[in-house]
Amino acid sequence: MEKIKVAASMELWPDHLKKLEPYCEIKRLPWTATDILPTEEEIIEECGGCEAVLFYTDPVTERVIRELREKGLRLIGCGRATPNNIDTRAAGEMGIPVIHAPGRNAHSVAEYTVGMMLDICKRISFTYHGLWSGRFLADEKDIYDVPDKKDVIWRFKDRENPRSSYPWGIDLYGRTIGIVGLGHIGQNVAKICAGMGMEVLAYDPFQPEETFESVCAKRYEDPVQMLPECDIVSVHLSVTPETKAMIDEEWFDAMRQDAYFINTSRAAVVDQKSLIEALSKKKIAFGAVDVMWDEPAPKNHPFFSMDNVLLTPHMAGISTDSKKWASEMIAEDLLNYILEQPLLRVWDR
Ligand SMILES: NC(=O)C1=CN([C@@H]2O[C@H](COP(=O)(O)OP(=O)(O)OC[C@H]3O[C@@H](n4cnc5c(N)ncnc54)[C@H](O)[C@@H]3O)[C@@H](O)[C@H]2O)C=CC1
Ligand SMILES: O=C(O)C(=O)COP(=O)(O)O
């Protein structure tokens with residue numbers, strides 16, 4: 001079998017390359033592993049004559065696809081879950097399938113979400129930063145409202161304000177999480193939480209019953225009924241016209257005052273004003289947010305002056321392993337293409 005020509009700017013893992021090498025000649029594109037995005041001309045010049053091209057975030061326009069198709073392009077791969085850097089409509093019209101890597105970072109985001117949940121529920125970052133800004137373990141004489149003072153109490157105390165201390169955290173075992181959006185990431189969060197001894201509730205009208213059963217989640221048809229049951233609410237929605245700002249005042253009003261709210265999906269699904277108000281007026285206890293409406297978040301954003309919100313800079317999906325899963329999925333489908341087997345992950349939206 002003659003080897004097909006492939007160009008790639010996404011990383012391919014050695015194990016996956018080994019499987020492909022008998023069938024392909026793979027050219028590494030010069031901008032691989034750099035943050036520099038190529039121009040249309042560069043892509044056309046470097047990829048001309050290749051039957052398949054595997055991109056990551058490179059901007060693949062209609063012109064690029066058309067010109068490469070004339071030179072033999074038949075398959076586009078994108079090592080991302082959502083290939084929004086590729087003109088998928090144009091590719092579809094030209095009969096070129098776009099394979100992608102759905103859920104490539106679903107473990108990464110799910111683990112990060114649980115990490116944030118543990119952090120806010122156990123006050124890890126807050127006490128860490130407290131230490132740095134002069135809050136130390138209280139002396140035994142400073143300990144109050146503790147029945148047995150002989151216990152070693154890891155209690156923090158503010159030097160400037162001796163009566164203040166961090167509120168105590170909670171255990172997750174036996175607590176209830178409500179998952180909004182039970183897709184790739186939501187399902188992984190559900191599985192981890194069930195394994196930690198939490199009760200899992202979920203709202204996602206588009207998932208079949210089997211999905212809920214497979215992750216031990218109790219299905220809710222109405223989020224407003226689910227929310228008061230939850231100690232923690234974690235959002236894993238995709239952005240659609242319907243989900244934009246879907247999580248609004250009504251949701252925060254339905255949540256309990258001691259509840260925790262986590263969003264590692266997209267800021268767009270939350271109404272900004274309602275979340276700021278819920279946290280500042282203590283309608284809910286704590287928030288953890290990896291995604292902001294403007295990124296990077298402006299320095300004067302109210303979250304930066306609140307002591308009940310944990311902020312991270314859109315980090316949840318970034319891990320070495322998520323690139324490995326993408327490599328595995330794309331290599332598998334490239335091999336399917338070469339061996340004339342059905343493709344497993346073709347972008348169809
Ligand atoms: N923070 C980060 O670094 C990352 C964030 N993400 C984001 O996480 C989110 C989830 O990603 P995946 O789980 O991979 O997506 P997915 O497409 O597998 O899951 C989304 C779920 O939302 C549900 N949904 C859609 N409309 C709904 C509605 N109106 N009401 C309730 N549920 C609805 C869908 O049925 C689906 O099950 C996306 O917004 C994605 O962009 C993804 C990767 C990294
Ligand atoms: O939504 C995010 O933050 C992502 O990282 C999306 O993942 P993707 O780049 O589509 O694989």
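The model is predicted: local features need pLDDT of at least 70, side-chain atom pairs count only at pLDDT 80 or more, and totals for chains, interfaces and linings use all residues. Residues are numbered from 1 along each chain as its sequence is written, chains are lettered from A and ligands numbered from 1 in the order in which they are written, and side-chain values use heavy atoms, leaving out hydrogens and water.

**The sheet**

- Five strands make up an open, parallel sheet, and the order is β2-β1-β3-β4-β5. Strands here are DSSP runs of E with at least two residues, numbered from the N terminus, and two of them pair if DSSP finds at least two bridges between them.
- The edges belong to β2 (24-28) and β5 (98-99); each has a single partner strand, so one side of each is left without a neighbour in the sheet.
- β1 (residues 4-8) runs parallel to β2, with five bridges joining the two.

**Ligand 1**

- This ligand has 26 residues around it, and the closest are His 184, Ile 185, Asp 204, Gln 207 and Leu 237. To be near, a residue needs a heavy atom within 4 Å of the molecule.
- Polar contacts (pairs of N or O atoms within 3.5 Å) to oxygen atoms of ligand 1 include a polar side-chain atom of His 184 at 2.8 Å, a backbone N or O atom of Ile 185 at 2.9 Å and a backbone N or O atom of Gly 183 at 3.3 Å.
- On its own, ligand 1 has 870 Å² of accessible area, and the protein covers 85% of that. Areas come from the Shrake-Rupley method with a 1.4 Å probe.
- Its shell splits into ten nonpolar, twelve polar and four charged residues; Gly counts as polar, while Asp, Glu, Lys and Arg are the charged ones.

**Ligand 2**

- Around ligand 2 you'll find Arg 80, Ala 81, Thr 82, Arg 104, Asn 105, Arg 266 and His 314.
- Arg 104 brings a polar side-chain atom to 2.5 Å from a ligand 2 oxygen, and a backbone N or O atom of Ala 81 lies 2.6 Å from an oxygen of ligand 2. For Asn 105, a side-chain N or O atom is 3.4 Å from an oxygen atom of ligand 2.
- Taken alone, ligand 2 exposes 310 Å², of which the protein buries 78%.
- The shell of ligand 2 comes out as one nonpolar, three polar and three charged residues.

Terms used:
Helix = DSSP H or I, 4+ residues; strand = E, 2+ residues; numbered from the N terminus. Polar contact = N/O pair within 3.5 Å; in protein donor to acceptor, adjacent residues only side chain to side chain.
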